[in-house]
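Please look through the model below before reading my points. They are meant to be checked against it one by one.

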Amino acid sequence: GNSEAEQEESKGTLIMGTSADYPPFESFTPEGEFEGFDIDLAHLIAEELGYELKIKDMKFDGLVGSLQADRVDMVMAGMSATEERQENVDFSTEYHHSGEMFVTAKDSNIKSIDDLEGKIVGVQLGTIQHEGAEELQKEIDFEIKSMDQGSTLIQELKSGRIDVGYMDKTVAEGYIKEQDLAGFDDPTISSPGMAVAFPKGSELKDEVSAIIDEYLEDGTIDELAEKWELNED
Ligand code: ARG
């Protein structure tokens, strides 16, 4: 329609990039729909701003590049707001903090980072854990296997092709519970919280931060955290 009211209803489409391989933040339902904490939060934000949300799934490692090339308006992918990334993208207010964890098979004898010696550690390409593993490798001799998809880590672990999967604690805890695995906390890195990423200079950043601030205040974030079983760490 053409009425003014209708025009005001939608300012257009907001394109969000994600890497839907990281429950409970983002994954696919068996029917192929996006779901997760980030997905719910993105829908709320888009609605509040008057945009129609369109979600594009891509490799985690390509998300920052997509923002830089303006192929997406924002990224929500459980992405930690690191200083390094801030050289290339802008971040909103942080909406969740997760530590890091090493996930193993239930009967594994790998119980601390010292036991990683000679083992194969899987990471998702381009994550802070990928970088953290490379750092740790300077002290402990293990092999790193990097993969595009976060979900592949768990498959590789279950089939014994890697000994350990290194990922965000919030995600690790979900897998440990659901897939009967084990794991231990990472004492080596202290990462920043997760935030929405934007192309440098994007006007959306402040608008989205204001909404997240409001949601942190009014309990919306807590409600979503409860729904998706996020533990603050
Ligand atoms: N928090 C980590 C990082 O920012 C891992 C995020 C992986 N996200 C994903 N959707 N696979 O590097």
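1. The model is a predicted one. Its chain is divided into domain 1 (4-97 + 192-227) and domain 2 (100-185). The C-alpha centres of domain 1 and domain 2 lie 26 Å apart. Where the two meet, 11 residues of domain 1 and 12 residues of domain 2 take part in the contact. On the domain 1 side, five of the touching residues are nonpolar, three are polar and three are charged.

2. The ligand is surrounded by 15 residues, and the closest are Ser-19, Tyr-22, Ala-77, Ser-80 and Thr-127. Both domains contribute to this shell, with at least three residues from each of domain 1 and domain 2. By class, the shell has six nonpolar, six polar and three charged residues.

3. Helix H7 covers residues 204-218, which makes 15 residues. From first C-alpha to last, H7 reaches 21 Å, close to the 21 Å expected at 1.5 Å a residue.

4. Which residues of H7 are buried? They are Lys-205, Val-208, Ile-211, Ile-212 and Tyr-215. Seen down the axis of H7, these buried residues fall within an arc of 135°, so they line one face of the helix. An α-helix has 3.6 residues a turn, so residues three or four places apart point the same way.

5. The buried residues of H7 pack against helix H2 (37-49), strand S6 (89-96), strand S12 (194-199) and helix H8 (220-227). On the other side of H7, Glu-217 and Asp-218 are exposed. Just after H7 comes Gly-219, with a positive phi of about 90°.

How values were computed:
Residues are numbered from 1 along each chain as its sequence is written. This is a predicted model: local features need pLDDT of at least 70, side-chain atom pairs count only at pLDDT 80 or more; totals for chains, interfaces and linings use all residues. Helices (H or I, at least four residues) and strands (E, at least two) are DSSP runs, numbered from the N terminus. The expected span of a helix is 1.5 Å times one less than its number of residues. A residue is buried if 20 or more other C-beta atoms lie within 10 Å of its own, exposed if 12 or fewer, and partly exposed in between; C-beta atoms are placed from the backbone. The arc is that of the directions from the helix axis to the C-beta atoms. Two residues are in contact if their C-beta atoms, placed from the backbone, lie within 7 Å. A residue is near a molecule or strand if its C-beta atom, placed from the backbone, lies within 6 Å of it. Ala, Val, Leu, Ile, Met, Phe, Trp, Tyr, Cys and Pro count as nonpolar, Asp, Glu, Lys and Arg as charged, and the others, Gly among them, as polar. Domain bounds come from an automatic or database domain assignment.
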